[in-house]
Amino acid sequence: MYLSSQSIWADITRIRDQAPLVHSITNFVVMNNTANALLALGASPAMVHAPEEVDDFVAIASALVVNIGTLDATFVAGMKLAMRRAKELGKPIIFDPVGVGATTYRNTVSAELLALAAPDIIRGNASEIMALAGLNAQTKGVDSLYGSDAAVDAGRRLSSVWGSVVVISGETDYIIHGEQTATIDNGHPLMTKVTGMGCTATALAGAFAAVDTDYFQAATQAMAVMGIAGELAALKNLAPGSLQLNFLDALYGLTESDIVERLKLTIL
Ligand SMILES: Nc1ncnc2c1ncn2[C@@H]1O[C@H](COP(=O)(O)OP(=O)(O)OP(=O)(O)O)[C@@H](O)[C@H]1O
Ligand SMILES: Cc1ncsc1CCO
Ligand SMILES: [Mg+2]
């Protein structure tokens, strides 16, 4: 049952039954995509970032997603208040270090946030995970310059420093926590032509963490669902605009047999 089609389906059923409130402080580019993906999966999204209200909001949420894609001072203030409160209340924190490594500001803010409240799950592409682990990784803004396998050692280091589950997304998704490693080989290359698919993966991890306190399992299952829904969407039409819409429909309509037939999970 542990990390299997059955355990994925059990968590999807929990999300659909409980509709957990996922509080996201995320970037302007993906607010709409990730809110719709959370709804399609069965969760309840709220994109709330004002420093005046985030700590009240965290108190009623089941998970907190923090994404640094379009940072500014107000976002940072809200992120700090929300993460501190989530830690106090024991709510899962999922962190997406979009574009870290590209600027000193992103690096400094990310380091401050990690030190303030170590996330339960960190999800980034290979460039981001390498930069966050302190390597001088090359970065081209928000897209990765490396395959995910190049960042596995960095992911292990990051996981051991912060105690977080680390997800490196890409053609193969790696999920790392201490000695545990899993890979997901689902997905479709066209997913890289739709903005914010990585951010969407992070948001879905928030929904799974809201119903499953085993965050290694939650993160792995989120990546599996992400990849399988992407594959199902790509079956309909191979173009980015329709992939984005079909992805939501695939998430909404996902069945247990879709998962049984498509899951490409390896536990290393
Ligand atoms: N080459 C690929 N082949 C198959 N699936 C892929 C490929 N690249 C990405 N994916 C899928 O897309 C998802 C998002 O991963 P990606 O690494 O592109 O995120 P990202 O670069 O952080 O995205 P963004 O910053 O736009 O949110 C992965 O979980 C995986 O399912
Ligand atoms: C394109 C883009 N720019 C800042 S955040 C973001 C969304 C994908 O990471
Ligand atoms: Mg991408």
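**Notes on the predicted model**

1. In this predicted model, strand S1 (residues 21–25) and strand S3 (residues 63–67) pair in the parallel sense, and the pairing extends over four bridges. Within this pair, isoleucine 25 stands opposite valine 66 of S3.

2. The two strands belong to an open sheet of nine strands, whose order is S2-S1-S3-S4-S5-S6-S7-S8-S9 and whose pairing is mixed. Strand S2 (44–47) and strand S9 (265–267) stand at the edges with a single partner strand each, so one side of each has no neighbour in the sheet. On average, and with direction ignored, neighbouring strands of this sheet are turned by 20 degrees against each other.

3. Two helices may be described against this sheet. Helix H2 (residues 31–41) packs on the sheet, where it touches S1 and S2, and its direction makes about 160 degrees with that of S2. Helix H8 (residues 197–211) lies across S1, S3, strand S4 (93–96), strand S5 (121–125) and strand S6 (165–169), and runs at about 165 degrees to S3.

4. On the H2 side the contact is made by Asn36, Ala37, Ala40 and Leu41, and on the H10 side by Leu248, Leu251 and Tyr252. By class, this contact of H2 with H10 comprises six nonpolar residues and one polar residue, with no charged residues.

5. The UniProt record, an unreviewed entry, places the feature "binding site" at Arg123 and Ser169. Although these positions are spread over 47 residues of sequence, they cluster in space, the largest C-alpha distance being 7.2 Å.

6. Arginine 123 lies in strand S5, and this residue is buried because 33 other C-beta atoms lie within 10 Å, where 20 or more are required. Not counting residues up to four places away in sequence, arginine 123 touches Ile94, Asp96, Val167, Ser169, Ala201, Thr202 and Ala205.

7. Serine 169 lies in strand S6 and likewise counts as buried, because it has 28 C-beta neighbours inside 10 Å. Leaving aside neighbours within four places in sequence, serine 169 is in contact with Arg123, Asn125, Ser148, Gly198 and Ala201.

Conventions:
Residues are numbered from 1 along each chain as its sequence is written. Chains are lettered from A and ligands numbered from 1 in the order in which they are written. This is a predicted model: local features need pLDDT of at least 70, side-chain atom pairs count only at pLDDT 80 or more; totals for chains, interfaces and linings use all residues. Two strands pair if DSSP finds at least two bridges between them. Axes are lines fitted to C-alpha atoms, for helices over the stretch in contact, and angles run from 0 to 180 degrees between N-to-C directions. Two residues are in contact if their C-beta atoms, placed from the backbone, lie within 7 Å. Ala, Val, Leu, Ile, Met, Phe, Trp, Tyr, Cys and Pro count as nonpolar, Asp, Glu, Lys and Arg as charged, and the others, Gly among them, as polar. UniProt positions are given in the numbering used here, feature names are shortened, and annotations may be inferred rather than shown by experiment. A residue is buried if 20 or more other C-beta atoms lie within 10 Å of its own, exposed if 12 or fewer, and partly exposed in between; C-beta atoms are placed from the backbone.
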